[in-house]
Amino acid sequence: MNPIGMTPGQVPAKSEARQLLAGPVPTTGGTGRFARPGSLFGPAETEWDDNLPVPPSRRPACGILVAFANVMVVLDMTIANVSLPHIAGDMGATLDQGTWVITSYAVAEAICVPLTGWLTQRFGTVRMFMIAMTGFGLFSLLCGLSVTLPMLVACRIGQGVFGGLIMPLSQSMMSRLYKPELLPAAMARWSLTIGLAPAFGPVVGGFISDQISWHWIFLINVPIAMVAVPLAHAWLRPAETVREKRDIDKWGMALLVLWIGALQIMLDLGRDRDWFADPLILGLGLVALVGFGVFVIWELTEEHPAVDIRIFRHFNFAMSVLSLALGQGAYFAGVVAVPQWLQTTMGYSATSSGLVTAVAAISGMMASQVVLRIMLKVDPRVLASFGAAWLGSTLLLRLAWTPQTDGMTMAWMLFLHGFGMPFIMMPLSSVALSLTSPDEIPSAAGLQSFVRTMASAVATALVLTAWHTAEIKARAPLAGSLHMDNAMADLGRAGLPEPAALSYISNLLDQQTMTLGLLAVTKLTAISMFLSAMVVWTMPRVELTRFKSNRQLMDH
């Protein structure tokens, strides 16, 4: 006799099939006890007393599997950044052409993330998770085997399509694996992967590119996917959600592709084309603005929207996502800017710059253990505002950096900086989903991931533009303050011929202006962190131990 009372060989009715998809049902009337047959991947027979479909003995392993899949995808967002010079050089392309390797992935990911809610309702959460992992692994293989830049860009689009789904799917899966009282801690651990993985990306990407080959930054995903998909099939099937055949919101999807694609391409190309002074960038901006407005109106009036933006009616959800966006954007922009400065100004290799910045991830892991212990006892607003203020304050410490600052000093400041990240990411990620009803969790997770993704993209574009602008403004005063005759005479006495002396002075000037530009954008990211600390206090108090009362929380 199986869990829904069928004899071997009996064909389930449609209603019974729905029960199988929804998870196990009580083995006896009203007892709340569940049973599942075992497999090669788990115990032979397990009974448990809660309302969750996965056996308690298997839940920790399932949680690790889901979180590890998320690490793989988030890591891939930054691992390719430091490998661009290797990729462009190997394929005979310019560095500007090589940036399409990043842009193509970002556009595809941004488009697919908000569709997660609709896809899970149509195909099921576990099924979509396995499809996404399979597709991500397949396109990672094709990326690693690419021999031309157009082929690599096309494969990166496919990688982004499937990779963009894994983050929100893994987040929504957590609510199917843990009881309400354990879910905040589980969600906190999951959210930690979003903050730590980008910091390790430059280290992994730099080491692989410098020591092996850039192809392996993609091929490394293949064995992981090959192991993760069978395990997901064996362990997570009981957590499958009921599928609902819904009409396809074709116009909503088309508008989503239009405005996000235009916005992402505008952000990636704008800095090199002087932004809105260029007709192409101006046109992309107008398309993104008008497309976004029409998209919002359409989705609010559509009965079965592709993206359920009505979830933003929950004030606490909207404010927690806004605070997360401010913090995530500023943090991610720093992850991108500092390694670039170390490589272009300080002469660090890709691997060395990654090692310096990775210390923030180490301190973040240490701090996460503290957050896990106090998160259910302390007001989440206190933790989040403390974390954001800490991050902003440690950013201000970087204003003392100069081209003469040694690597150990920079690593120590970045180590201090990393302590604040779990205090903001872990509570707010848990709060956001605690404020939505169970049927809205996939859509809420997709929207939260989408806002974080777009915040990172927008912040990176703004920071790099502000950096370039600050360099230009700083260069003229510095050049005017130079006493060229005295400098050339001193360098000549040191044995440098005139061309070499001029090159030395120019390089010194570039080094100083790039450092001043970095300090200028550091101030901007610190301001964003302090704004995030203030936004948190627009929410009423939320106790994470009250997950069962999320209906009451939504009424605030």
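Helices here are DSSP runs of H or I with at least four residues, and they are numbered from the N terminus. The model shown in every view is predicted.

**Figure 1. Overview of the predicted protein.** The protein contains 22 helices and 2 strands. Of its 556 residues, 56% are buried. The accessible surface amounts to about 23,700 Å², and carbon and sulfur atoms hold 67% of that area. Taking contacts between residues at least 6 apart in sequence, 78% join residues that are at least 24 apart.

Figure 2. Helix H6 covers residues 116–123. Its buried residues include Thr 116, Gly 117, Trp 118, Leu 119 and Thr 120.

**Figure 3. Thr 125 in helix H7.** Helix H7 runs over residues 125–144, and Thr 125 lies in it. Is Thr 125 buried or exposed? Its relative accessibility is 3%, which is under the 20% cut-off, so Thr 125 counts as buried. Apart from neighbours within four places in sequence, Thr 125 is in contact with Thr 120, Leu 169, Ser 172, Met 173, Glu 240 and Thr 241.

**Figure 4. The aromatic pair of Trp 214 and Phe 218.** Two aromatic rings count as a pair if their centres lie within 6.5 Å, and the count for this structure is 11 aromatic pairs. One of them joins Trp 214 and Phe 218, with 6.2 Å from centre to centre and 85° between the planes. This pair is edge-to-face. Trp 214 and Phe 218 are both buried.

**Figure 5. The aromatic pair of Trp 259 and Phe 292.** The ring centres of Trp 259 and Phe 292 are 4.9 Å apart, and the planes meet at 65°. Because an angle over 60 degrees counts as edge-to-face, this pair is edge-to-face. Trp 259 belongs to helix H12 (residues 250–269) and Phe 292 to helix H13 (residues 279–301), so the pair ties together parts that are 33 residues apart in sequence. What relative accessibility does Trp 259 have? The value is 7%, so Trp 259 counts as buried. Phe 292 has 39%, so Phe 292 counts as partly exposed. Ring pairs also bring in Phe 295, linking Trp 259, Phe 292 and Phe 295 into a cluster.

**Figure 6. The largest cavity.** Across the whole structure, 4 cavities of 30 Å³ or more are found. The largest cavity has a volume of about 140 Å³. Its lining is made of 14 residues, and those nearest its centre are Gly 334, Val 335, Arg 398, Leu 414 and His 417. Which helices each supply at least two residues of this lining? They are helix H14 (315–344), helix H15 (350–374), helix H17 (407–418) and helix H21 (498–535). H14 gives the largest share, 5 residues. By class, the lining of the largest cavity has 9 nonpolar, 4 polar and 1 charged residues.

**Figure 7. The largest pocket.** The largest pocket holds about 1,200 Å³ of space. It is lined by 40 residues, and Leu 84, Arg 271, Val 336, Gln 340 and Leu 464 are the closest to its centre. Elements giving two or more residues to the lining are helix H2 (59–79), helix H3 (84–90), helix H4 (95–98), helix H5 (100–112), H12, H14 and H19. How many residues does H19 give to the lining of the largest pocket? H19 gives 10 residues, the most of any element. The lining of the largest pocket divides into 20 nonpolar, 13 polar and 7 charged residues.

**Figure 8. Thr 460 in helix H19.** Thr 460 has its place in helix H19, which spans residues 441–481. Its relative accessible area is 14%; this is under the 20% cut-off, so Thr 460 is buried. Neighbours within four places in sequence aside, Thr 460 is in contact with Phe 332, Ala 333 and Val 336. One of these, Val 336, is also listed among the residues closest to the centre of the largest pocket. Ala 337 is 123 residues from Thr 460 along the chain, and the C-alpha atoms of the two are separated by 8.1 Å.

Note on methods:
Residues are numbered from 1 along each chain as its sequence is written. This is a predicted model: local features need pLDDT of at least 70, side-chain atom pairs count only at pLDDT 80 or more; totals for chains, interfaces and linings use all residues. Side-chain values use heavy atoms; hydrogens and water are left out. Rings of Phe, Tyr and Trp (its six-membered ring) pair if their centres lie within 6.5 Å; planes under 30 degrees apart count as stacked, over 60 as edge-to-face and the rest as tilted. Buried means under 20% relative accessible area, exposed over 50%, partly exposed in between (1.4 Å probe, protein chains only). On a 1 Å grid over the protein atoms alone, a cavity is a set of points where a 1.4 Å probe fits but cannot get out, and a pocket is an open set with protein on both sides within 12 Å along at least five of seven lines; lining residues have an atom within 4 Å of a point. Grid points are joined across faces, edges and corners, and a volume is the space filled by probe spheres set on the points. Ala, Val, Leu, Ile, Met, Phe, Trp, Tyr, Cys and Pro count as nonpolar, Asp, Glu, Lys and Arg as charged, and the others, Gly among them, as polar. Contact means heavy atoms within 4.5 Å. Accessible areas come from the Shrake-Rupley method with a 1.4 Å probe; for residues, only the protein chains shown count as cover.
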